[in-house]
Amino acid sequence: MKRSALGMAALAALMVGVAAAPVSAETYRLSHNTNDTTTWHKGAEKFNELLQQATDGEMEIRIFPNAQLSGGDQMKQAEMVGRGALDFVETSAINVTPLAPEMAVFSLPYLYSDYADVDATTGGAPGKEMEKIMAEHGIIVLAWGENGFREVTNNVHPIKTPDDMKGLKMRVAGPMYIDVMNALGANPQQMQWTETFPALQQGVVDGQENPIGAVIIPQRVYEVQKYLTTWHYSYDPIFLGVSKKLWDSWDAGTQKKVKAAAEEAMEYQKEISREATASGIEFLEGKGMEVYQPSAEEIDAFRQATKPAFDTWAQKVGPDLVENFQETISDAKAN
Ligand code: X2X
């Protein structure tokens, strides 16, 4: 075969090969700070699945659990997204408070009493207000998910009254909880979530607090904790956020697909978290945990005991913002 014909044949084969190969997908990195068993991770996987479907495989998400892209530092993820060093983050509002102190509003002790309160705020004007604040820090909040109502566990004794918290070495996730635990007479220690399981195992700390369905069950906290009290003392949402730099680089059609996939993924994540929480007490008792469910009066005693921390952080968050949340909650209760 003449060289030119051979060359043409090779070129043709190459062209066919190239034409048949799918358009190379844009791969984006998403960080979250639990391990790959939680509803957080399931929500991120759902986001990837939906986004690939919506873009015929042209956009895909690579998920990095355990805050591994920020050296295990759960508080650093959002800051990296804000400056465009990371594409997406799925994390708790608590983890963003060093960047945006206002985000602590969601977790003020006893701000919320039930899911209806929560949904009225994240789905209403308060949620929009928080999205505006986050955009000022370079993060577009695409959708709100759920970590949930945070319940306390420990290895020392059942917790039934505020006095039972006195002297307990408690791992906490963020700065506000240091003030909450101090108000209860406990000894708080802020620690990365990725360090908490071994710290509980080795007795470095006596206890921790986290939601049942999203974290305590999937991360098998019951293997290293004996007692759980459903004191519902603090709620925290998670959110799926994207770097504003990346968001602004997309056309309206792409933005619409990304937002729709995120909203559906976080609705799914919230649903499975609530389902796991609803059946969680029975599951945990089956795993040998002793669960105490305080009465309304006993919950009120915890509310009173944590009020000093509420008042301190309401000032830090901003009284107007707190009022915005409280008004939305009371309107929701009235309807
Ligand atoms: O660190 C925690 O406790 C966790 C996993 O709930 C958060 O990221 C706030």
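1. Confidence. In this predicted model, the protein chain has an average pLDDT of 94, and 93% of the residues score at least 70.

2. Five strands, taken in the order 2-1-3-10-4, make up an open sheet whose pairing is mixed. Its edges are strand 2 (59-64) and strand 4 (139-144), each of which pairs on one side only. From one strand to the next, the twist averages 25°.

3. Strands 4 and 10. Strand 10 (residues 238-243) and strand 4 pair in the antiparallel sense, with five bridges between them. Within this pairing, Trp144 has Phe239 of strand 10 as its bridge partner.

4. Helices on the sheet. Helix 2 (residues 39-54) lies across strand 1 (26-32), strand 2, strand 3 (88-92) and strand 10, and it runs at about 165° to strand 2. Helix 5 (residues 125-136), for its part, lies across strand 4 and strand 10, and its direction is at about 150° to strand 4.

5. The largest nonpolar core. This core holds 54 residues, of which Met103 and Met165 touch the most other members; helix 13 (residues 307-317) gives the most to it, namely five residues. Leaving aside residues up to four places away in sequence, Met165 touches Val152, Ile159, Met170, Met181, Leu184, Gly185, Ala186 and Trp231.

6. In soluble globular proteins, nonpolar side chains tend to be buried together.

Notes: Residues are numbered from 1 along each chain as its sequence is written. This is a predicted model: local features need pLDDT of at least 70, side-chain atom pairs count only at pLDDT 80 or more; totals for chains, interfaces and linings use all residues. Side-chain values use heavy atoms; hydrogens and water are left out. pLDDT is the predictor's confidence in each residue, from 0 to 100. Two strands pair if DSSP finds at least two bridges between them. Helices (H or I, at least four residues) and strands (E, at least two) are DSSP runs, numbered from the N terminus. Axes are lines fitted to C-alpha atoms, for helices over the stretch in contact, and angles run from 0 to 180 degrees between N-to-C directions. Contact means heavy atoms within 4.5 Å. A nonpolar core is a set of buried Ala, Val, Leu, Ile, Met, Phe, Trp, Tyr and Cys residues joined through side-chain atoms within 4.5 Å. Buried means under 20% relative accessible area, exposed over 50%, partly exposed in between (1.4 Å probe, protein chains only).
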